[in-house]
Amino acid sequence: MAEKLENCSRLCIHTMTTKPWTLREAIDGYVQEGVPAITVWRQHLEPFGPKEAGKMLRDSGLQVVSLCRGGFFPATSGTAREAARNDNRRAIDEAAEIGAPLIVLVCGAAPGIPLPEARQQIIDGIAAVLPHAQAAGVKLAIEPLHPMYADTRSAVNTLEQANNMVVALGSKMVGVTVDVYHVWWDANLEGEIRRAGESIFSFHVCDWRTPTRDFLNDRGLMGEGCIEIRKIRAWVERAGFRGPIEVEIFSDELWSQDQALLVRRIKNAYLRHV
Ligand code: ZN
């Protein structure tokens, strides 16, 4: 048992993975199962507020890996773009308050905005909030999303595009998140992971189910799909990444089940397949 816990020493669970749980229930449920780390989603933070949530998290002893999520920079009007930037500044304040050193950016896209233009708006948006992030000591990670989300969720669809943005922004505070669900299909993945190197700020795992019954909420537990998770993990580690391994699963099927049991299944799947 001790060895098993030791092997889970890098395991982190996203509160979205146990979406039906409140933040309080998630904290207690993870601690109960010996999960050492948590990534907090803003919707779980909201009912408690960052101050109370920060206290709960510090009292729990859990490592807070990141706050999800910022981003959604592109918009058709300047007013909407400024509103998005202000929301990101609020997210940075929340991250600082709960002790999260990192915000993951789902960068955004909007029908009607050509993708190259959306990408420029993303770079401009990150540049605009970067001083706020620097002052708060909170890093920003650009997470490329699978191209099936290029209409409304992100115009950043490959790790190459994310790496290019990191280069364009030229700040140690900006890096990338490698989420196997979004990038596993990419023939250039290994090379782009190597290129990202120290700018890999976080690593997300789940699996790609066949057939996928829903574009958003049918992700699988590790081992239930076709992603070569261990191979990708080896690539990010070869690139220098030593951080927590975060289980982020959106699944209507898993959310309908007993969440305490789900946490135990996650630990098993992590030990066998990650
Ligand atoms: Zn992710």
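Colleague: What should I know before we start?

Modeller: This is a predicted model, so local features need pLDDT of at least 70, side-chain atom pairs count only at pLDDT 80 or more, and totals for chains, interfaces and linings use all residues. Residues are numbered from 1 along each chain as its sequence is written, and side-chain values use heavy atoms, with hydrogens and water left out.

Colleague: Which residues are the protein donors of the zinc ion?

Modeller: Glu143 (OE), Asp179 (OD), His204 (ND1) and Glu248 (OE). They lie 2.0 to 2.2 Å from the zinc ion. Donors are N, O and S atoms within 2.8 Å of the metal (3.2 Å for Na, K and Ca); water is not among the atoms, so sites may look incomplete.

Colleague: How are the donor residues spaced in sequence?

Modeller: The pattern is E-x35-D-x24-H-x43-E. Glu143 sits in the loop between strand 5 (139-142) and helix 7 (159-169), and Asp179 is in strand 6 (residues 174-179), so this pair ties together parts that are 36 residues apart in sequence. Helices (H or I, at least four residues) and strands (E, at least two) are DSSP runs, numbered from the N terminus.

Colleague: What about the angles at the zinc ion?

Modeller: They run from 82 to 170° among the four donor atoms, and the site is irregular. Four donors count as tetrahedral if all angles lie between 85 and 135 degrees; four count as square planar and six as octahedral if opposite donors are over 155 degrees apart and all others between 65 and 115; anything else is irregular.

Colleague: Glu143 and Asp179, buried or exposed?

Modeller: Glu143 is buried, at 3% relative accessibility. Asp179 is buried too, at 0%. Buried means under 20% relative accessible area, exposed over 50%, partly exposed in between (1.4 Å probe, protein chains only).

Colleague: New topic. Which residues of helix 4 are buried?

Modeller: In helix 4 (residues 50-60) they are Ala53, Gly54, Met56 and Leu57. Seen down the helix axis, these fall within an arc of 165°, so they line one face of helix 4. The arc is that of the directions from the helix axis to the C-beta atoms. On the other side, Lys51, Arg58 and Asp59 are exposed.

Colleague: What do the buried residues of helix 4 pack against?

Modeller: Helix 2 (23-32), strand 2 (37-41), helix 3 (42-45), strand 3 (63-71) and helix 5 (78-98). Contact means heavy atoms within 4.5 Å. Just after helix 4, Gly61 has a positive phi of about 80°.

Colleague: And helix 2, what is buried there?

Modeller: Leu23, Ala26, Ile27, Gly29 and Tyr30. The buried residues of helix 2 pack against strand 1 (11-14), strand 2, helix 3, helix 4 and helix 12 (259-273). Gly34 follows helix 2, with a positive phi near 75°.

Colleague: How many aromatic pairs are there in the whole structure?

Modeller: Six. One is Trp184 with Trp208, a tilted pair, 5.8 Å centre to centre and 50° between the planes. Rings of Phe, Tyr and Trp (its six-membered ring) pair if their centres lie within 6.5 Å; planes under 30 degrees apart count as stacked, over 60 as edge-to-face and the rest as tilted.

Colleague: Where do those two Trp residues sit?

Modeller: Trp184 is in the loop between helix 8 (180-183) and helix 9 (189-196), and Trp208 in the loop between strand 7 (200-205) and helix 10 (229-238). They are 24 residues apart. Trp184 is partly exposed at 29% relative accessibility, while Trp208 is buried at 14%.

Colleague: Which residues do ring pairs link into a cluster?

Modeller: Trp41, Phe250 and Trp255. The charged end of Arg219 also sits over the ring of Phe250, 4.3 Å from its centre. Likewise, the charged end of Lys139 sits over the ring of Phe201, at 4.7 Å. A charge sits over a ring if NZ of Lys or CZ of Arg is within 6 Å of the ring centre and within 35 degrees of the ring normal.

Colleague: Last one. Where are the cis peptide bonds?

Modeller: One joins Cys68 and Arg69, with omega about 0°. Another runs from Thr210 to Pro211, with omega near -5°. Arg69 lies in strand 3, and Pro211 in the loop between strand 7 and helix 10.
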